Amino acid sequence: MGRESEEFQRRKRINLSRLPNLILTVLVCLVCWTVGYQYSAGYPVVCDTGGSPVWETVCAILPDKRFTYLIGCLLICLLAFIIQRINFSFVIVRGKTLLPFLFFLLFFSTNPDIFPLRPASLALFFLLGALAELFSSYQKPEQTGRAFNLSVFLSLGSLIWPHLLWIVPLFWFGMYRLHSLTPQNLLTSVLGILTTFGFAFVWCIWKHDYTIFIVLKEQLTTIHPFFLSNPLRIEWLSSICVVCLTIITYIYILLHEFVHTIRTRQFLSFLLVFAFYSLIPLGLYEHYSVDFLCLFYVPSSMLIAYFFSDRRNLLTYLFYILIVIFLMLLLLVRLWTF
């Protein structure tokens, strides 16, 4: 009787990663990108005054509108795939699920401020490389190469988007949280940053152009609090929705903390700190608040995927569908009233 009850409960569980839901979510994302293309959201992609030389070069070589949107969409899909691979490799979300991929794709595709390409969209590739190196260093303080690699990834990404350097202290905390931080690893990580900028400095000397370091200094020191000139508007609603979902996941993890292994708890706790840490510079740099949202979507997509994968029932499925519809309608309303 007990075995039959367990089988009944297993059949009642709804897997959000099944093909129908996958097709639905991807179609919604494609609709959002198509509507964004029709309304030219974020196009043309221009480098604002004071942008990094690398980002200026990228903006200069971008093709016409159609291919720019196609490149942007493909890059977001590739980022979502990398997040999915990180989740699969380190088993952050239990079970076979595509939810990290789906949530990241959904959050990006329903925010027209990110269309079609942002500096952070490219910098995220380096961030994810650093994240993979950090998780691989779990309880392995003897592997100093991991600390060096993650610092190189972050400093290379900062050449595209200087504010990525904000994440370096977070990754030092992550090394401490994952028991891989030692004085030697800390010095090695600093050496990784100095090595990257050392090569950049040599390049500047050769070109007799120090714009890279001038832009780096100006962008990091020019602080303008976001809330001073941005009263609550409809543009905030999609971001507030993601923040609320992350808070719900945080509460859920606290209530079920001892259900998981120590390794999983430490990964989840770092991702929670990562999510809320990325909101701090978001409030300090008004002009780059959208880029910091891109950072926020990385940990939040994995955390929210964890919540939905752990609660497989009809109510959770309907909640997921409601989120998808709400974010899509919000994007349509924003573009139609633009």
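The entries below record what I looked up.

**Entry 1: the model.** I noted that this is a predicted model, in which local features need pLDDT of at least 70, side-chain atom pairs count only at pLDDT 80 or more, and totals for chains, interfaces and linings use all residues. Residues are numbered from 1 along each chain as its sequence is written, and side-chain values use heavy atoms, with hydrogens and water left out.

**Entry 2: the nonpolar patch.** I looked for a nonpolar patch on the surface and found one formed by Phe173, Tyr176, Leu181, Leu186, Val190, Leu194 and Val273, with about 580 Å² of accessible area together. Such a patch joins nonpolar side chains (Val, Leu, Ile, Met, Phe, Trp, Tyr) within 5 Å, from residues with over 30% relative accessible area and no salt bridge. A salt bridge is a side-chain nitrogen of Lys or Arg within 4 Å of a carboxyl oxygen of Asp or Glu. Areas come from the Shrake-Rupley method with a 1.4 Å probe, and for residues only the protein chains shown count as cover. Helix H8 (167-177) and helix H9 (183-207) each supply at least two residues of the patch, and H9 has the largest share with 3 residues. Helices are DSSP runs (H or I, at least four residues), numbered from the N terminus.

**Entry 3: two single residues.** I placed Phe173 in helix H8 and read it as partly exposed, with a relative accessible area of 32%. Ala60, in helix H3 (residues 53-61), is exposed at 64%. The terms are set thus: buried is under 20%, exposed over 50%, and partly exposed in between.

**Entry 4: the largest pocket.** I recorded a volume of about 1100 Å³ for the largest pocket. On a 1 Å grid over the protein atoms alone, a pocket is an open set of points with protein on both sides within 12 Å along at least five of seven lines, a cavity is a set where a 1.4 Å probe fits but cannot get out, and lining residues have an atom within 4 Å of a point. The pocket has 46 lining residues, and Asp113, Arg118, Ser289, Val290 and Arg334 lie nearest its centre. H11 gives the most to this lining, with 4 residues.

**Entry 5: the largest cavity.** I found 1 cavity of 30 Å³ or more. The volume of the largest cavity is about 40 Å³. Helix H10 (residues 211-221) provides the largest share of its lining, 3 residues.

Conventions. Patches are made of residues with over 30% relative accessible area and no salt bridge: like charges are joined within 9 Å, nonpolar side chains (Val, Leu, Ile, Met, Phe, Trp, Tyr) within 5 Å. Buried means under 20% relative accessible area, exposed over 50%, partly exposed in between (1.4 Å probe, protein chains only). Grid points are joined across faces, edges and corners, and a volume is the space filled by probe spheres set on the points.
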